[in-house]
Amino acid sequence: MSAVRIPALKEHTATFIFLHGLGDSGSGWRFLADEYRKLKVLDHVAFIFPNAPTQKVTLNFGLQMPSWFDIVSLDKVETQEDTHGMLESAGRLRKFIDDEIAKGIKPERIVIGGFSQGCTISLLTGLTTDVKLGGVVGLSGFIPMRSQISKLHEKKGIKMPFFVGHGTSDPVVKYEYGVFTKQILESLNIPHEFHEYKGLTHSASPQEINDVLQFLNKQLPDN
C-alpha cells in the first residue's frame, strides 16, 4: 500500500503513522511532519501517511474516491456501519505497524493516529490490537462498532494512552461523537486525554496541532 514517508533526521527510534480522512490523501497531512521539522522537534521520529484505497462511497452518491470504508450516513453512524471495510482497513494499518516492528522499532515507540475516517480506523485498531503501542491520536472521528467494541477490546486487554480532539462546531462528524468516544474510553478504563476546540469545524487548528505535538513528545521521547 502506498504512503507518504518522511524519514527521521537522526537515528530512527520512533514512528508516527497517521491516516487521512475521506477523499484526501497522505500528502494532505504531511504538513504535520513539515511543521514539526520547522520547530526542530521529533527529529528521531519517522512519519508515515498512508493512502486509502479508491472505492465507492454511498454517502457521496456512489462516487469513487479515497476512502478507508464505505459511509452510508453521518446522522447515525452506528446504525449502518461498513464493519467489513473498517476491519479491512484496520488490517492495513496493522501491516504498517508490523513493518515498523520488523525494522526494529519497538511497539511502544509507535504511535498511530488519524483524522475523521482515519481517526475511526486508528481508534478501532488501538482498541483491538494485540501489541501495546505508544499511543493513539484521534482527531474529529469516532469509535466504531460500539455494540462490539467492549468485547473486542476485552479479548486483548491491552491499554495504551489515547489523545482525542474534536471541534465543538464540527458539522460533518458532530461534536457529540467525540463525547461518545470519550465516554467509551472511560467505560473501558483506557487512559486518555480529551480536548475540545471551541468553534472549530471539521478541520485541525494550530492549537490542536500543538497539543498533538505535546502528546507525541510525551509518548515518544528522544531517548
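Visitor: How many aromatic pairs does the count come to?
Guide: This is a predicted model: local features need pLDDT of at least 70, side-chain atom pairs count only at pLDDT 80 or more, and totals for chains, interfaces and linings use all residues. Residues are numbered from 1 along each chain as its sequence is written, and side-chain values use heavy atoms, leaving out hydrogens and water. Rings of Phe, Tyr and Trp (its six-membered ring) pair if their centres lie within 6.5 Å; planes under 30 degrees apart are stacked, over 60 edge-to-face, the rest tilted. By this rule, the count is eleven.

Visitor: Phe-18 and Trp-29 form what kind of aromatic pair?
Guide: Their centres sit 4.9 Å apart. The planes are 40 degrees apart, making the pair tilted.

Visitor: How many residues apart in sequence are the parts this pair ties together?
Guide: Helices (H or I, at least four residues) and strands (E, at least two) are DSSP runs, numbered from the N terminus. Phe-18 lies in strand β2 (residues 14-19) and Trp-29 in the loop between β2 and α1 (31-38), so the parts tied together are separated by eleven residues.

Visitor: Are Phe-18 and Trp-29 buried or exposed?
Guide: Buried means under 20% relative accessible area, exposed over 50%, partly exposed in between (1.4 Å probe, protein chains only). Phe-18 has 1% relative accessibility. Trp-29 has 6% and, like Phe-18, counts as buried.

Visitor: And what kind of pair do Phe-47 and Phe-49 form?
Guide: Phe-47 is buried at 0% relative accessible area, and Phe-49 is buried at 1%. With 6.3 Å centre to centre and 10 degrees between the planes, the pair is stacked.
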